[in-house]
Amino acid sequence: MDNCIFCKIIKGEIPSAKVYEDEHVLAFLDISQVTKGHTLVIPKVHKENIYELTPDIAANLYKAVPAIAKALKEEFTPIGLNTLNNNGEEAGQSVFHFHLHLIPRYGKGDGFG
Ligand code: 5GP
Ligand code: ZN
């Protein structure tokens with residue numbers, strides 16, 4: 001998708017702080033981290049939201065998630081982690097390329113929730 005920010009990140013047209021990459025998936029730090037290490041995990045194919053994901057795309061994405069979560073745990077030593085996915089403007093989605101938020105947690109007052 002030509003005007004999609006995340007497709008531009010995949011193509012390297014917009015810089016990002018990469019956390020993980022494989023054939024199907026890219027993970028990078030959120031530009032506006034709600035907590036330290038806040039990461040977005042995206043499929044490399046443009047799919048707007050969860051309703052557009054095929055089982056294969058979802059499987060490839062979630063296959064990578066435990067390793068990404070463990071890497072964040074080692075790097076940032078949080079005491080917990082939330083995963084979150086917004087679908088539709090009314091649900092808080094602002095970038096219309098499916099993404100899973102991984103939000104490391106550090107206790108009360110860490111900025112999230
Ligand atoms: P949403 O609100 O759609 O669930 O989440 C979109 C996320 O994308 C937001 O947390 C926002 O900070 C992040 N974001 C938007 N533009 C960019 C960008 O250009 N680079 C990065 N790394 N994150 C972005
Ligand atoms: Zn896209």
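Val-41 stands opposite Leu-100 in strand E5. That pair belongs to a predicted model, in which E3 and E5 pair in the antiparallel sense over three bridges. The sheet around them is open, has five strands and runs in the order E1-E2-E3-E5-E4, with antiparallel pairing. E1 and E4 are its edge strands, each pairing on one side only. On average, neighbouring strands of this sheet are turned by 20° against each other, direction ignored.

**Strand pairing**

- Strands of a sheet pair through backbone hydrogen bonds, either parallel or antiparallel.
- Strand E1 covers residues 18-21 and pairs with E2 in the antiparallel sense over three bridges.
- A hairpin of three residues joins E1 to E2.
- Across this pairing, Glu-21 stands opposite Leu-26 in E2.
- E2 also pairs with strand E3 (residues 39-43), in the antiparallel sense and over five bridges.
- Leu-26 has a bridge partner in E3 too: Ile-42.
- Strand E2 (residues 25-29) is largely enclosed by the rest of the structure, because four of its five residues are buried.
- In a regular strand the side chains alternate between the two faces of the sheet.

**Helix over the sheet**

- Helix H2 spans residues 55-76 and lies across E1, E2, E3, E4 and E5.
- The helix runs at about 160° to E3.

**His-99**

- The UniProt annotation "active site", from an unreviewed entry, covers His-99.
- His-99 is found in the loop between strand E4 (80-84) and strand E5 (100-105).
- His-99 has 23 other C-beta atoms within 10 Å, so it is buried; the cut-off for this class is 20 or more.
- Not counting residues up to four places away in sequence, His-99 touches Phe-6, Leu-40, Val-41 and Ile-42.

**Ligand 1**

- The shell around ligand 1 holds 13 residues.
- The closest are Ile-31, Ser-32, Asn-86, Ser-94 and Val-95.
- By type, the shell divides into six nonpolar residues, six polar and one charged.

**Two loop residues**

- Thr-77 lies in the loop between H2 and E4.
- Its phi is positive, about 45°, although Thr-77 is not a glycine.
- Most residues other than glycine have a negative phi.
- Thr-77 counts as exposed because it has 11 C-beta neighbours inside 10 Å, and the limit for that class is 12 or fewer.
- Val-34 lies in the loop between E2 and E3.
- With 15 other C-beta atoms within 10 Å, Val-34 is partly exposed.
- Val-34 touches Ile-103, Gly-111 and Phe-112, leaving aside residues up to four places away in sequence.
- The C-alpha atoms of Val-34 and Gly-113 are separated by 9.7 Å, although these residues are 79 residues apart along the chain.

**Annotated domain**

- UniProt lists residues 5-113 for "domain: HIT", again in an unreviewed entry.
- Over residues 5-113 the chain is 27% helix and 23% strand.
- The end C-alpha atoms of this stretch are 26 Å apart.

Technical notes: Residues are numbered from 1 along each chain as its sequence is written. Chains are lettered from A and ligands numbered from 1 in the order in which they are written. This is a predicted model: local features need pLDDT of at least 70, side-chain atom pairs count only at pLDDT 80 or more; totals for chains, interfaces and linings use all residues. A residue is near a molecule or strand if its C-beta atom, placed from the backbone, lies within 6 Å of it. Ala, Val, Leu, Ile, Met, Phe, Trp, Tyr, Cys and Pro count as nonpolar, Asp, Glu, Lys and Arg as charged, and the others, Gly among them, as polar. Two strands pair if DSSP finds at least two bridges between them. UniProt positions are given in the numbering used here, feature names are shortened, and annotations may be inferred rather than shown by experiment. Two residues are in contact if their C-beta atoms, placed from the backbone, lie within 7 Å. Axes are lines fitted to C-alpha atoms, for helices over the stretch in contact, and angles run from 0 to 180 degrees between N-to-C directions.
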